[in-house]
Structures are given as structure tokens and as C-alpha cells.
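Hi,

Here is the structure I promised to pass on to you. Have a look at it first, then read my notes below with the 3D view open.

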Amino acid sequence: MTDLYYIEDDPDIACTVKEYLEQKGFAVTICATLAQAKHALKMHVPALVLLDWNMPDGRGDSMCRWIRGGWKELPIMFLTVRGDSSDIVFGFENGADDYVVKPFALEVLYSRILALLRRAGNVSEQYLSCGGFRIDQNRRSVFGSSGEISLSAAEYQLLLYLMENKGKTVTREKILEQVWDVNGNYVNDNTLTVTMKRLRDKLNQPSCLKTVRSVGYRMEDTI
């Protein structure tokens, strides 16, 4: 099921769009404020974002720029009453991929969502998030609240494997097998201990990275 976030403070419009799109097979999460949407994006990246312009805690154009700062390829579609040509141009200049003016026909909205997803592909699979950290797999980059974090190849692969298994406890043996042995590299248990210590130091001892005593490690959301 394709999931999307709809950032909209009008409950009637939000409910109507949500019900229609869910009948079409989408999973829709409503965010009534920009703060709520930012929190949701840090936890999970959807396939697409629908965005209103006028929100109680800010403007959609600033939200669009914020999204582009962290998720460059995430499709964004404005749904707004602001239909002047200058507003539309400004929306695209700030990172929007499509712009729909209210009122709109639900069938037209659905068609444009499908067209945008065809162009973008499943971008959500590119990004992994946990505890305020995110991985852009296409760029092999890791980001935290202060920006990009430089990791060695082994540190990156370790974090990637833990994030791919977010919420699950993975054993030390499985990590050694998947991160090192799969590449034909001979390692011992101390290799993981040293790499984990360096990773934790670079991530500033994150609370989302748990040690499961005598078993292994687990990544879990804490914000």
C-alpha cells in the first residue's frame, strides 16, 4: 500500500481527501500542523507529500524548502486556494513538483498523484530514518540534526543494517555475517565492538541505538 502525508489544517477537506484516496488504495496520514509533519517525516518517509500553503504554525513554501533540505527527491504537491500565477510559480521555485488549486475534483487529484508517482518512482525506499537520523541510500549519506555525518564504509554499513532492521534485535553474529563476512572479509568479534564504539561516538551516543546485553543491538525510534 502506497503511503502519503497530507499536511492540511482544515479537518473537513483533510477527511474528504483521506477517505477518497484510501478507497483507491493509499494509506493517508493527516498532519494538522507543520510541526506534526516534521516529526512524522523524521520517523518515516512516505511516497508523496500533499501540502497546503496556509498552516496555523507557518507557510507551506517554508515547509517545502525544509523537506527539500533533507529529502531532495521526495515528491511534493501543493493543494491550496492560492491560485495566482505568482503563487504557483513561487511554489515551484521553492521545490514543489506539482500544484493543484482548491477547489479541485478528487478524480483529477488522484490522476495527478498517479502521474507524479510514475515520474518519481518509490522514493520512500531510498530513505531510512530512526531517532532523528536518516540515511539517503542513493547518496550513501547519513544526516543528523546538525547536518551530514561522515562515516567510514564499515560504520555506514553497520548503521544501514541496523536501520533496515529497525525495531528488531539483531545478534552480533548476524551483524558480523551480513556486514563483513558477506564481502569475504575475515573478522573477529572485536571488529564489531570497535566499529560500534566509533559509530556511537560519531552519532553522539544516540539513545536510539540500544545494546541488548549478551545478544546484540537494536535501533528504535525515541523521539
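Predicted model: local features only at pLDDT ≥ 70, side-chain atom pairs only at ≥ 80, totals over all residues.

Let's start with Ile7: its bridge partner is Cys31, which belongs to β2.

Which strands make up the open sheet, and in what order? There are five, arranged β2-β1-β3-β6-β7, and the pairing is parallel. The edges are taken by β2 (26-31) and β7 (98-101); each of them has a single partner strand, so one of its sides has no neighbour in the sheet. On average, neighbouring strands here are turned by 20° against each other, if you ignore direction.

Helix α3 (residues 60-70) touches β1, β3 (48-51) and β6 (76-80), and its direction makes about 170° with that of β6. Helix α4 (residues 85-93) touches β6 and β7, with an angle of about 150° between its direction and that of β7.

Now for what the records say. UniProt, in an unreviewed entry, places the feature "domain: Response regulatory" at residues 3-117. In the model, that stretch is 48% helix and 24% strand, and its end C-alpha atoms lie 11 Å apart.

UniProt also has an annotation for Asp52, "modified residue: 4-aspartylphosphate", again from an unreviewed entry. Where does Asp52 sit? You'll find Asp52 in the loop between β3 and β4 (54-55). Is Asp52 buried or exposed? Its relative accessible area is 6%, and anything under 20% counts as buried, so Asp52 is buried. Leaving out residues up to four places away in sequence, Asp52 touches Ile7, Glu8, Asp9, Gly60, Phe78, Leu79, Thr80 and Lys102.

Strand β9 (residues 133-136) and β10 run antiparallel and are joined by three bridges, with Asp136 opposite Ser141 in β10. Four residues lie between the strands of this hairpin, and Arg140 takes a positive phi near 55° there.

On its other pairing, β10 meets strand β11 (residues 147-149), also in the antiparallel sense and over three bridges. Here Gly144 stands opposite Gly147 in β11, and the hairpin from β10 to β11 goes through two residues. Which residues of β10 (residues 141-144) are buried? Ser141 and Phe143 are buried on one side, Val142 and Gly144 on the other, and both faces of the strand are covered.

My last stop is Arg172, which is found in helix α7 (residues 172-180). Arg172 has a relative accessible area of 15%, so with the cut-off for buried at under 20%, Arg172 is buried too. What does the side chain of Arg172 meet in a polar contact of 2.6 Å? That would be the side chain of Tyr217. Beyond its neighbours within four places in sequence, Arg172 is in contact with Asp189, Leu192, Thr193, Val215, Gly216 and Tyr217.

Cheers

Definitions and conventions: Residues numbered from 1 in each chain as written. Heavy atoms only, no water. Pairing = 2+ DSSP bridges. Axes fitted to C-alpha atoms, helices over the stretch in contact; angles between N-to-C directions. Contact = heavy atoms within 4.5 Å. Buried < 20%, exposed > 50% of the residue type's maximum accessible area, 1.4 Å probe, protein only. Polar contact = N/O pair within 3.5 Å; in protein donor to acceptor, adjacent residues only side chain to side chain. UniProt positions renumbered as here; feature names shortened; annotations may be inferred.
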